[in-house]
Amino acid sequence: MDSGKVVHAVFDDDDVLLKAVEHIRKNKYTIEEVYTPFPVHGLDKVMGLSPTRISIASFMFGCLGLTVAILITNYIMIEDWPQNIGGKPSFSYFENLPAFVPILFEMTVFFAAHLMVITFYLRSKLWPFKKAENPIKETTDDKFLVVLETPDDSSKTKTFLKELGATQIVFKANES
Amino acid sequence: MEYHFSKFLKRGSIICILIGAVAIAYGFWNMPKTVEQAQERAAATHHGHHGHGSSSDDSHHGSHDDQTHSDQDNEQHEHIEHSVVESLDNQKTNHHQSASDKKSHDNHGKHLLHQFQNKPWAAVYVAALFFFFIALGTLAFYAVQRASQAGWPIVLYRVMESISAYVIPGGIIVFIILLFSVFGANHMFVWMDPKVVEHDVIIQNKTWYLNINGFILRALVILLGWGLYRTFVRKFSLKQDQDVYLAMNYHRKNFRLSAGFLVFYILSVSVMSWDWLMSIDPHWFSTLFGWYVFASMFVSGITVIAIMTIYLKSRGYLEFVNNSHIHDLAKFMFGISIFWTYLWFSQYMLIWYSNIPEEVTYFISRFEDYQLPFLSLLILNFLFPVLVLMNTDFKRINYIVVVTGIVIVIGHYLDVFNMVMPGTVGDQWSLGFVEIGAFAFFLGLFILIVFRSLEKAPLLAKKDPFTEESKRFHY
């Protein structure tokens with residue numbers, strides 16, 4: 001699509017945006033990206049994005065945290081320096097398990113939460129001091145921006161987007 | 001659309017009631033009448049003779065021989081072991097080593113007879129309480145939705161209202177069973193026996209609260225409060241549909257009524273749990289027991305709402321319920337299951353850690369005599385629902401929600417079983433003919449009452465201010 005152009009269509013309302021995105025995709029335009037000031041429910045579905053796998057990652061991080069917690073509590077409290085827990089000096093991990101459950105739980109949550117955030121940042125290529133990618137600043141306030149590619153037929157695209165409720169339509173030359 | 005009680009379901013529930021009634025009657029008829037019969041029965045069961053003195057110590061060591069205890073630890077266990085027998089035998093004064101073997105033996109036989117005589121009563125009590133708790137948990141859930149003015153569950157209001165219809169007959173049945181206990185028809189609540197209190201200092205110190213008059217009075221006030229709330233909230237809910245102009249009025253009325261009810265409920269549910277469940281083991285106490293019982297009934301109630309909604313949908317009713325509603329109910333099942341486990345563990349860990357004989361006996365008797373029902377709770381009520389319902393997509397698949405729901409319901413039946421049985425029948429428990437029969441009896445009664453009530457009103461609360469929002473609810 002070297003003859004294609006990039007269009008910036010700005011919307012005012014998330015419900016209008018949802019409907020618009022649905023129609024844009026139905027009419028065979030390619031949506032590059034949508035910028036919104038807040039997460040819009042269902043937007044990923046109408047955009048046709050593949051479902052997130054972060055929950056699977058989170059589950060595995062949780063399992064990792066649980067394993068680490070079992071290993072360190074066992075090492076610290078049973079193997080390295082056996083402790084008399086609650087006046088029950090059995091020195092067996094299983095018999096003292098109730099004392100460790102809060103730690104196991106906290107470590108599971110800690111690993112799942114932190115590693116999930118880090119994974120999310122890595123996956124969406126975010127890091128501190130990164131320059132913002134959103135083309136117009138208003139998408140951090142109250143505007144919704146759809147960036148789409150269009151074949152070289154600007155007037156038709158314009159009326160089409162107007163009908164969908166876009167408040168601002170800007171054509172840009174394709175950067176690539 | 002109005003619901004029509006299907007013939008199949010109606011017949012099924014009546015058959016359940018009949019079979020259950022026969023099983024319960026058999027249980028009472030089959031009850032041993034004399035000490036000798038009880039001893040014969042005990043010798044025949046596979047649980048074995050869990051007696052006093054040396055035999056008890058043997059069985060204790062036998063079950064733990066792979067573990068190494070210090071001497072001190074063993075001593076403590078023995079002490080606890082004795083105090084279990086003690087509190088149940090009501091022979092605090094005679095139980096020391098100096099007591100003659102003959103006398104101790106007689107008392108043990110009498111105690112065994114009481115346990116066997118309690119068995120059918122306890123089976124009926126567990127099932128009656130369990131189904132009452134389902135209705136009460138649903139009523140609490142319904143009140144939460146009313147008081148928070150939630151938008152999503154309006155389409156489920158009629159289902160919740162009809163499940164909570166069982167609160168009144170169920171409450172009356174439980175109250176009648178308690179009256180039988182009060183008048184000495186069984187020995188489920190040992191503190192009701194003045195001969196026991198005479199020899200028991202711990203119970204004597206509690207008699208300012210734990211006495212028969214107070215017990216009956218509290219039960220009456222509590223049941224009346226719950227029954228009145230259910231009656232009025234249902235009345236207003238139905239009136240709301242008939243009068244367009246007063247719909248908002250009734251909405252506000254129900255909001256206020258529900259907020260008031262929740263305050264009453266959260267206090268009274270604790271009192272109820274102390275009276276009806278915790279006092280079965282009168283020496284034992286736990287400060288978060290009320291919350292624990294509440295969590296159990298809340299999750300059973302929500303689960304039954306989900307199962308019933310999916311059933312009605314599969315029969316072509318409730319066309320306005322979409323899978324986002326099911327998703328929300330499944331989220332509640334998931335969340336409250338974790339909440340239940342949190343309370344279960346909090347209660348267990350504190351008692352395990354502090355190791356006070358009065359408290360720890362409760363768990364020792366469960367670990368030694370009730371291993372299977374007690375430990376399977378954690379699998380049925382925690383591991384299974386958490387692992388299955390963790391996935392977002394699974395919460396929307398009807399058959400997964402139903403299967404998990406059935407597991408949760410069985411798990412919480414066992415939870416009530418574990419709260420009642422050890423203090424009433426001791427190690428002579430079984431999940432046999434009578435227990436299952438009692439479950440079937442109350443299941444049939446529950447279905448009959450709930451679906452009868454469902455028949456009486458349209459399935460959609462049309463005039464609620466949030467009805468449209470609820471119909472369009474989409475996640």
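Colleague: In what order do the strands of the open sheet in chain A stand?

Modeller: The order is β2-β3-β1-β4, an open sheet of 4 strands with antiparallel pairing. Strands of a sheet pair through backbone hydrogen bonds, either parallel or antiparallel. Here two strands count as paired if DSSP finds at least two bridges between them. Strands are DSSP runs of E with at least two residues, helices are runs of H or I with at least four, and both are numbered from the N terminus.

Colleague: Why do β2 and β4 of chain A each have one side without a neighbour in the sheet?

Modeller: β2 (30-35) and β4 (168-172) of chain A are the edge strands with a single partner strand each, so one side of each has no neighbour in the sheet. From one strand to the next the twist averages 20°. Axes here are lines fitted to C-alpha atoms, for helices over the stretch in contact, and angles run from 0 to 180 degrees between N-to-C directions.

Colleague: And what is the basis of the model and its numbering?

Modeller: The model is predicted: local features need pLDDT of at least 70, side-chain atom pairs count only at pLDDT 80 or more, and totals for chains, interfaces and linings use all residues. Residues are numbered from 1 along each chain as its sequence is written, while chains are lettered from A and ligands numbered from 1 in the order in which they are written.

Colleague: How many bridges join β3(A) to β1(A)?

Modeller: There are 7, and the two strands run antiparallel. Within β3(A), Leu145(A) is the bridge partner of Val10(A). On the β2(A) side, β3 (residues 144-150) has 5 bridges, again antiparallel. There Glu33(A) faces Val147(A), and Thr30(A) has Glu149(A) as its bridge partner.

Colleague: Which helix packs on this sheet?

Modeller: Helix α1 (residues 14-26) of chain A, which touches β1 (5-11), β2 and β3. Its direction makes about 10° with that of β3(A). Contact means that C-beta atoms, placed from the backbone, lie within 7 Å.

Colleague: Is β3(A) mostly covered or mostly open?

Modeller: Mostly covered, with 5 of its 7 residues buried. A residue is buried with 20 or more other C-beta atoms within 10 Å of its own, exposed with 12 or fewer, and partly exposed in between; C-beta atoms are placed from the backbone.

Colleague: Into which domains is chain A divided?

Modeller: Domain 1 covers 5-37 + 142-172, and domain 2 covers 54-123. The bounds come from an automatic or database domain assignment. The C-alpha centres of the two domains of chain A lie 48 Å apart.

Colleague: Where is Phe91(A) found?

Modeller: Phe91(A) is in the loop between α3 (54-80) and α4 (97-123) of chain A. Its phi is positive, about 55°, although Phe91(A) is not a glycine. Phe91(A) is partly exposed, with 15 other C-beta atoms within 10 Å.

Colleague: Now chain B. How many helices and strands does it have?

Modeller: Chain B has 18 helices and 0 strands. Of its 475 residues, 45% count as buried. Take the contacts between residues at least 6 apart in sequence: 83% join residues at least 24 apart.

Colleague: Which residues have the most contacts inside the largest nonpolar core?

Modeller: Ala127(B), Ala128(B) and Ile163(B), in a core of 122 residues. A nonpolar core is a set of buried Ala, Val, Leu, Ile, Met, Phe, Trp, Tyr and Cys residues joined through C-beta atoms within 7 Å. Helix α5 (residues 101-147) of chain B gives the largest share, 21 residues. A second, separate core of 16 residues includes Ala9(A), Val21(A), Val146(A) and Leu148(A).

Colleague: What does Ile163(B) touch?

Modeller: Leaving aside residues up to four places away in sequence, its contacts include Ile134(B), Val304(B), Met308(B) and Val450(B). Ile163(B) is among the buried residues of α6(B). In that helix (residues 157-164), 8 of 8 residues are buried.

Colleague: Where is the kink in helix α11 of chain B centred?

Modeller: On Tyr265(B), with a kink of about 25° in a helix of residues 247-276. The bend at a residue is the angle between axes fitted to the seven residues ending there and the seven starting there. Tyr265(B) is buried, as are Phe261(B) and Val269(B), among others in α11(B). An α-helix has 3.6 residues a turn, so residues three or four places apart point the same way.

Conventions. Two residues are in contact if their C-beta atoms, placed from the backbone, lie within 7 Å.
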